[in-house]
Amino acid sequence: MSNYTVESTKVETSDGAKLHTRLFKPMEEGEITDNLVVVLVHPFSILGGSQAFLKGIAAGLAGKGYKTVTFDMRGAGKSTGRPSLTGFAEIKDVIAVCKWVCENLSSDRILLVGSSAGSRFDVSNQFLHVICSMVEYANLMGLRTYFEIIDGAPIAGSAVDEIKEVIGYVSIGYPFGIFASILFGRHHKGILKSPKPKLFVMGTRDGFTSVKQLQNKLSSAAGRVETHLIEGASHFQMEGAEFDNQMVNLILTFISSL
């Protein structure tokens, strides 16, 4: 028997996109831990990202007493609008959902969690299948790849200081590689300059960001910064469904420190 329930709604952004949004919450109101709400941000819509990939983490958090919200960003799933190539329009989506949380769930404390969930992208498209196969092959051969993606981690990170109710941020597989730094450095700057507590989770065999790149980037970050490295895990492997429980436990530990 499930220990959580799911409700669906539509959230409208400041520019008119209507976002399909789901609220995961404990089965009984008395089981709610506190008024903190976790908002999960899915991967880049153009590469097949959607809130469906975050169901396991959302269900796990709800089962532990935390209301958790997932949503399809513009152009993904049942949401209207068109996705952007840079991910900046999607920041409005995160802000709109967080505003909805504050107004409808009586919460003034939000934890933003951004995930790339690379292993679960829809690769039925032939081009995407070739790209993902190339990255996986390079990882198996021990080569460093620099094909970068815009995913939920940078988008959520850019929204952190735009929402005063956000009290912390968790990144699962943030892409800090060379091309991402050149093309999407504005996303990086947003989270690195934020004074709010931050946790970066990454596998030591991540094909998009090396441990050294992560450490170099975070050395200049403001505020409290924590990292959790998963030994031997690749970007795709770490963000598969088999790691959902581990991500839930890491998020819960981080919440307890806020």
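How many of the nine residues of β2 are buried? Seven are, so the strand is largely enclosed by the rest of the structure. The model is a predicted one.

First, the overall picture. The protein has nine helices and eight strands. Of its 258 residues, 57% count as buried. The accessible surface comes to about 11200 Å², and carbon and sulfur atoms hold 54% of that area.

Now back to β2. Strand β2 pairs with β1 in the antiparallel sense, over nine bridges. In this pairing, S8 stands opposite R22 of β2. The two strands make a hairpin, with five residues between them. G16 sits in the turn and has a positive phi of about 95°. Strand β2 also pairs with β4, again in the antiparallel sense, over four bridges. Here F24 stands opposite T68 of β4.

Strand β4 also holds K67. Is this lysine, K67, buried or exposed? K67 has a relative accessible area of 16%. Buried means under 20%, so K67 counts as buried. Its surroundings can be listed. Leaving out residues up to four places away in sequence, K67 touches L23, F24, K25, P26, I32, L36, V37, V38 and L105.

The next strands run parallel. Six bridges join β3 to β5. In that pair, V38 has L111 of β5 as its bridge partner. Six bridges also join β5 to β6, and these two strands are parallel as well. There, I110 is partnered by V166 in β6. Strand β5 covers residues 109–115 and is mostly covered, with six of its seven residues buried.

Next, the nonpolar cores. The largest has 38 residues. Which of its residues touch the most other members? They are V39, V69, V94, L112 and Y169. Helix α2, residues 89–104, supplies the largest share of this core, eight residues. Another core lies apart from it, with 29 residues, among them V38, L54, L61 and I172. Not counting residues up to four places away in sequence, V69 touches T21, R22, L23, V37, V38, V39, L40, V97, W100, V101 and L105.

The helices come next. Helix α1 spans residues 55–63, and its buried residues are I57, A58, A59, L61 and A62. What do the buried residues of α1 pack against? Their partners are β1, β2, β3, β4, β6 and α9 (244–256). Just after α1, G65 takes a positive phi of about 105°.

Helix α7, residues 211–218, buries Q213, L214 and L218. Seen down the axis of α7, these buried residues fall within an arc of 120°, so they line one face of the helix.

Now a loop. Y174 lies between β6 (166–172) and α5 (178–183). Although in a loop, Y174 is buried, with a relative accessible area of 2%. Apart from residues up to four places away in sequence, Y174 touches A153, P154, Y169, H187, H188, I191, F200 and T209. Y174 and F208 are 34 residues apart along the chain, and 8.6 Å separates their C-alpha atoms.

Last, the cysteines. How many disulfides does the model contain? The count comes to zero. Take C98. The nearest cysteine sulfur to that of C98 belongs to C102, 6.9 Å away. C98 itself counts as buried, at 0% relative accessibility.

Definitions and conventions. Residues are numbered from 1 along each chain as its sequence is written. This is a predicted model: local features need pLDDT of at least 70, side-chain atom pairs count only at pLDDT 80 or more; totals for chains, interfaces and linings use all residues. Side-chain values use heavy atoms; hydrogens and water are left out. A nonpolar core is a set of buried Ala, Val, Leu, Ile, Met, Phe, Trp, Tyr and Cys residues joined through side-chain atoms within 4.5 Å. Buried means under 20% relative accessible area, exposed over 50%, partly exposed in between (1.4 Å probe, protein chains only). Contact means heavy atoms within 4.5 Å. A disulfide is a pair of cysteine sulfur atoms within 2.5 Å. Accessible areas come from the Shrake-Rupley method with a 1.4 Å probe; for residues, only the protein chains shown count as cover. The arc is that of the directions from the helix axis to the C-beta atoms. Two strands pair if DSSP finds at least two bridges between them.
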